[in-house]
Amino acid sequence: MTVYIGLLLFIAIVAFINKKTNLSSKYFLWISFMAMTLVLGLRGSTVGEDTKMYLSVANAASRMSWKDIFSSFPTTEWNFISYGIYGGYSEQTETIYMAYNKLIMSVFHNPQWVLIITAAITCYFMMRFICNNVEQYSDLYLATYVYMCDSIYMSSFNIMRQVLALSIAAQAIEEVKQEKYKKAIVWVAIAACFHLSALLFVAVLLIYKLKEKRKYYKWIVLGVCILPVALPLLTTIVSKILPKYVSYLQTSFWSAEAKGTLVLWGIIIIAILIMIRRKDNDERTWWLIYMATIYIGVELIGMRYTVISRVAMYFRIGLPLFFPTMKKYFNTNSRLIYVGGLLFVMTWSFLSYASSPARLYTFGF
């Protein structure tokens, strides 16, 4: 817990100093994300359930030739586990991700550098996404804190590859803003080379470009409500297009309990209701409402099929923008209560993640 509490206090101190010195909020942003990068990149193999596997992939890539890596596409086998009369099981990952590991290992010859470089890329792109999409620079403090304390950053200790893909795909939003759709698709395609699920970000882009979003909200709510019923049909579609992931829609791989997350969901639902009641026609605000609504709907299915929570992450990325946007609906005194309550819930969430046995921190070097 010491490292995580230290990170929490460090960012709070940087925010305090930055505000008192009237420096640009970007200084706070860079320093904070550099600190998050160090904590994420220097973790040992036992921090996060899958970190040891990522190190194994890096070592496997270093032993493979470039020809072997590109002998198949879009996935490459990095390990084969033999067992029983059925022969065994092939462990595969995206070919470009294997090449990425091969390149890093060719230069540094240490798998720890895969964690460090991936952490740096992920944090940089997440920082860029937040900076480009907040309404005003003063929102950077709260947006950064929400990002760090919510599950996306803490998930980076475990599902590192998917969060990397998410951070890359998120850059497509800026391109869509400027109606550079080809560049947006390129960002999503690059992200999918690291984790195929990044293709789901196309839905985020379509929602962003949807005109007159307010009048379609009831259809989004209806879609979220029927999603559990439509799961068998979704399973059939996935089995045809992405058979590798069909088991995710049929099996719960680990137990999940809402616990403190219910408080966060409650805040989100209340915030959505307030936004709707105020009859705000701002398209950006409605995009964030859509993102938050879909996130909760998908996350509820994730309570039964826990891997679905990874799908919810592509919509959860809106939360660091959603909560600062909510501030404008409060007067000065009420705003202090809102922000104070949110910081308390987020800190509680962060420390809950940090106290998990899988997050017991050790250094990789």
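Buried means under 20% relative accessible area, exposed means over 50%, and partly exposed lies in between, using a 1.4 Å probe and protein chains only. With that in hand, Cys-193 counts as partly exposed, because its relative accessibility is 26%. The structure you see is a predicted model, where local features need pLDDT of at least 70 and side-chain atom pairs count only at pLDDT 80 or more, while totals for chains, interfaces and linings use all residues. Residues are numbered from 1 along each chain as its sequence is written, and side-chain values use heavy atoms, with hydrogens and water left out.

**The whole chain**

- The protein chain has 19 helices and two strands; helices (H or I, at least four residues) and strands (E, at least two) are DSSP runs, numbered from the N terminus.
- Of the 365 residues in the protein chain, 49% are buried.
- Contact means heavy atoms within 4.5 Å. Among contacts between residues at least 6 apart in sequence, 74% join residues at least 24 apart.

**Cysteines**

- A disulfide is a covalent bond between the sulfur atoms of two cysteines.
- Here the test for a disulfide is a pair of cysteine sulfur atoms within 2.5 Å, and by this rule the count is zero.
- Cys-149 counts as buried because its relative accessible area is 0%, whereas Cys-193 is partly exposed at 26%.

**Two buried residues in helices**

- Asn-18 sits in helix α1, which covers residues 2–20. With a relative accessible area of 5%, Asn-18 is buried.
- Setting aside neighbours within four places in sequence, Asn-18 is in contact with Leu-23, Ser-24, Ser-25, Tyr-27, Phe-28 and Tyr-141.
- Arg-161 belongs to helix α9, residues 160–169. Its relative accessible area is 12%, so Arg-161 counts as buried.
- Beyond neighbours within four places in sequence, the contacts of Arg-161 are Tyr-54, Thr-93, Glu-94, Tyr-97, Phe-194 and His-195.
- Arg-161 and Thr-118 are 43 residues apart along the chain, and 8.2 Å separates their C-alpha atoms.

**The largest cavity**

- Rolling a probe the size of a water molecule over the atoms shows where empty space is left.
- On a 1 Å grid over the protein atoms alone, a cavity is a set of points where a 1.4 Å probe fits but cannot get out; a pocket is an open set with protein on both sides within 12 Å along at least five of seven lines, and lining residues have an atom within 4 Å of a point.
- Grid points are joined across faces, edges and corners, and a volume is the space filled by probe spheres set on the points.
- The structure holds one cavity of 30 Å³ or more. The largest cavity has a volume of about 50 Å³.
- Residues lining the largest cavity include Leu-40, Arg-43, Thr-118, Ser-156 and Met-160.
- Helices α6 (112–133) and α9 are the elements that each give two or more residues to this lining, and α6 supplies the largest share, four residues.
- By class, the lining of the largest cavity has six nonpolar, three polar and one charged residues. Ala, Val, Leu, Ile, Met, Phe, Trp, Tyr, Cys and Pro count as nonpolar, Asp, Glu, Lys and Arg as charged, and the others, Gly among them, as polar.

**The second largest pocket**

- The volume of the second largest pocket is about 450 Å³.
- It is lined by 16 residues, and those closest to its centre are Lys-19, Tyr-141, Leu-142, Val-339 and Leu-343.
- The elements giving two or more residues to this lining are α1, α7 (140–149) and α19 (332–354).
- The lining of the second largest pocket divides into eleven nonpolar, two polar and three charged residues.

**Backbone details in the loops**

- Phe-73 and Pro-74 are joined by a cis peptide bond, with omega about 15 degrees. Pro-74 lies in the loop between α4 (66–69) and β1 (75–81).
- His-109 has a phi near 60 degrees, a positive value in a residue other than glycine. His-109 is in the loop between α5 (95–108) and α6, and its relative accessible area of 61% makes it exposed.
- Glu-179 is not a glycine either, yet its phi is positive, about 60 degrees. Glu-179 is found in the loop between α10 (172–177) and α11 (181–192), and at 53% relative accessibility it counts as exposed.
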